[in-house]
Amino acid sequence: IRSLATINMVAYQGAAAFKRISEIIDKEISIKEFNGAPKLNLKNSNIKFTKVDFKYDTTEETAIKDISFNIKWNTMAAIVGHSGAGKSTIINLLPRFYDPQEGSIEIDNQNIKKVSLSSLRKNLSLVSQDVILFDDTVKNNIAYAKPTATEREIIKACKFAAADEFIKKLPDGYNTMIGENGVRLSGGQKQRISIARAILKESPIILLDEATSSLDAESEEIVQNAINNLTKNKTTLVIAHRLSTIH
């Protein structure tokens, strides 16, 4: 009888959740690729923006206007500016989370709109201030970047990311469950797991979006050393509020 009394409430909760989920599932995908689009073929990983304009659907204001720049292979380019200046927008256009209304973006002289999405995103690693982690083990969260990775490869990536030391101190080491979105980890630890993930992926282009903005001075120093390991011999685009972070 007690269970029957709560059925009505459970049904309403389920119906409300289903309505919200359905809205997302039914939403048409705006980022599409051409049928039979070729794979992105990289030699030097040069990035070129040509007169790029972009405006979000939710606002009338242009987020970025007439942006043109070149980033050569094996170099680091930095974008510094205040909140709302369009820094993250530039980063989000490279993996095609959005498409610009005007202009073109090329990697090694290949327009990113004309190559397959999977090959484009396979060659990019994004480390942002908002680290997405799953309620799973540390090992599985890192292996998300490369599901076929061996345990040895995962540990090697963690050592480069200065994460191996703190992971070994966790109750079950690499098999420790970290909770929803890494609730059992500090900000610095989350960032190092994110960097370990990027190192494991071994992509030639690295995108760093305010990767150290939410850290204290001690954690920031550790994470910056890890970033130095991550960006060796890679094309890197990094954004930050402060010029000191870039230095």
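A pocket, for this tour, is an open set of grid points with protein on both sides within 12 Å along at least five of seven lines, and its lining residues have an atom within 4 Å of a point. Keep that in mind when you select atoms. The model is predicted.

**Stop 1: the largest pocket**

Select Phe97, Ser125, Leu126, Tyr144 and Arg197. Of the 23 residues lining the largest pocket, these lie nearest its centre. The space there comes to about 730 Å³.

Now colour by element. Helix 2 (87–93), strand 6 (124–128), helix 7 and strand 7 (205–209) each supply at least two lining residues. Which strand gives the largest share of the lining? Strand 6 does, with 5 residues. By class, the lining has 12 nonpolar, 6 polar and 5 charged residues.

**Stop 2**

Zoom to strand 6 and strand 7. They pair in the parallel sense over 5 bridges. Pick serine 125: isoleucine 206 in strand 7 stands opposite. Ser125 was also on the list for the pocket centre at the previous stop.

**Stop 2: helix 7 against helix 8**

Helix 7 also supplied lining residues to the largest pocket. Select residues 187–201 for helix 7, then 217–230 for helix 8. The two axes come within 10 Å and cross at roughly 5°. Angles under 35 degrees count as roughly parallel, so helix 7 is roughly parallel to helix 8.

Show side chains for the contact:

- On helix 7, take Gly188, Gln191, Arg192, Ile195, Ala198 and Ile199.
- On helix 8, take Ser219, Ile222, Val223, Ala226, Ile227 and Leu230.

How do the residues of this contact divide by class? There are 8 nonpolar, 3 polar and 1 charged.

**Stop 3: the second largest pocket**

Go back to Phe97, one of the residues nearest the centre of the largest pocket. Phe97 is also among those nearest the centre of the second largest pocket, with Ser30, Ile31, Asp57 and Tyr98. Select these five together. This pocket is lined by 14 residues and holds about 370 Å³ of space. Its lining has 6 nonpolar, 3 polar and 5 charged residues.

**Stop 5**

Next, show strands 1, 2, 4 and 5. These 4 strands form an open sheet in the order 2-1-4-5, with antiparallel pairing. The edge strands are strand 2 (64–71) and strand 5 (110–111), and each pairs on one side only.

Select strand 1 (residues 47–54) and strand 4 (residues 102–107). They pair in the antiparallel sense over 5 bridges. Strand 1 is also joined to strand 2 by 5 bridges, and these two run antiparallel.

Which residues are the bridge partners of isoleucine 47? In strand 4, the partner is isoleucine 107. In strand 2, the partner is isoleucine 71. Then pick lysine 48: its bridge partner in strand 4 is glutamate 106.

**Stop 4: the hairpin**

Follow strand 4 to its end. Strand 4 and strand 5 pair in the antiparallel sense over 2 bridges. They form a hairpin with 2 residues between them. Which residue in the turn has a positive phi? Select aspartate 108: its phi is about 50°. Then pick isoleucine 107 again. Glutamine 110 in strand 5 stands opposite.

Key. Residues numbered from 1 in each chain as written. Predicted model: local features only at pLDDT ≥ 70, side-chain atom pairs only at ≥ 80, totals over all residues. Heavy atoms only, no water. Pairing = 2+ DSSP bridges. Axes fitted to C-alpha atoms, helices over the stretch in contact; angles between N-to-C directions. Parallel < 35°, antiparallel > 145°, perpendicular 65-115°, else oblique. Contact = heavy atoms within 4.5 Å. Nonpolar A, V, L, I, M, F, W, Y, C, P; charged D, E, K, R; others polar. 1 Å grid on protein atoms, 1.4 Å probe; cavity = no way out; pocket = protein on both sides within 12 Å on 5 of 7 lines; lining within 4 Å. Points joined across faces, edges and corners; volume = space filled by probe spheres on them.
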